[in-house]
Amino acid sequence: MPENATTTRTGAVRRDVGRYVNDELRDRYFAASDVLYAMGAPARSETDVETSFGTTHVYRYGPDDPAAESRTPIVLIHGAGYCSAMWYPNTPGLSADRPVYALDTPGDAGRSVHREPMWQPERAAQWMDEALDALGLDRVHLVGSSYGGWLVLNQAHRRPGRLASVTALDPGGLEKVGLRFFAWVFVSLFASFAPKALRPRLAAWLEQPVISVPEMRKWVQVGARAFRIRRPAPLPLAEDALRSIRTPLYLVMGKRSLLVHPQRQLERVPRLVPGARAEIIAATGHGPQIDHPDMVNARMLNFMEDVDSLQAR
């Protein structure tokens, strides 16, 4: 039985928490993840922190400039089914500017251990607050992609006390997840098994860089086999919930996103969230920070710098 498979008192594997299928596939997924980690910034440290919902595995990256160590840190929250390895294109640029923490969300593939359900909005916010508290982080710039985008928007609504800002990258939480998105995920996974000569064309057609990056392709394929997510798709935040957000918010969407309708949210979110920035990135779909890491890193850091300057006054 995988070491992170939570069991009941009778020894049966619980069906309401995420788990690996078996130890062999788990270890293969860890190995594929480590290849991606090696392509990003080197982690200064790895640690495990305990919460009410399980153990959260955390990677810490840091700037070479000692003066930058005192800047408000960034916390990265990955998308559904993945782990913090997805941030490898972003960790070098972000961690050159300030400390960065990347959390493996319990319930998704990664090195965290999931013990109690946390898909409910209040429980998800409690998990994040407990994890940040255990890390000793009182003030952070929170960044989330896809499902991680729902988590950070939910945090800004329910437990904003530790948040200097929130950046949501093509996030869940704004619209109900539609059939077109699930179809894209399925077709993208199928396309990852296509002959090598076809992959660049399919990657461009699907706006799916995973297909054309061999290391990411293997990582996704192994993860799909290795891990079982046990939670429903999150419901979008109600308009009143969005109106309640007072944390500075930066929304970044891909022009060809299939998770949100970018033009609709470009108008809607700044209208509902006072002072929110919203932007559409061309030539990308669901992964603007993967397709254009230098551009998106720079814009996120500029936003955070503006927030820090205003809050210092």
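1. In strand β10, L249, L251 and M253 point one way while Y250, V252 and G254 point the other way, and all are buried, where buried means under 20% relative accessible area, exposed over 50% and partly exposed in between, with a 1.4 Å probe and protein chains only. Because six of the six residues of β10 (residues 249–254) are buried, the strand is largely enclosed by the rest of the structure. Strands (E, at least two residues) and helices (H or I, at least four) are DSSP runs, numbered from the N terminus.

2. This is a predicted model, in which local features need pLDDT of at least 70 and side-chain atom pairs count only at pLDDT 80 or more, while totals for chains, interfaces and linings use all residues. Residues are numbered from 1 along each chain as its sequence is written, and side-chain values use heavy atoms, with hydrogens and water left out.

3. On one pairing, β10 runs parallel to strand β8 (residues 163–169), to which four bridges join it; two strands pair if DSSP finds at least two bridges between them. Within this pairing, A168 has L251 of β10 as its bridge partner.

4. Strand β11 (residues 277–281) is also parallel to β10, the two being joined by five bridges, and M253 stands opposite I280 of β11. Between β10 and β11 the chain passes through helix α9 (residues 262–272), a β-α-β crossover that is right-handed; that is, with the strands pointing away from the viewer, the path from the first strand over the helix to the second runs clockwise.

5. T167 lies in strand β8 and is buried, with a relative accessible area of 0%. Leaving aside neighbours within four places in sequence, T167 is in contact (heavy atoms within 4.5 Å) with residues including Y250, L142, V143, M300 and F303.
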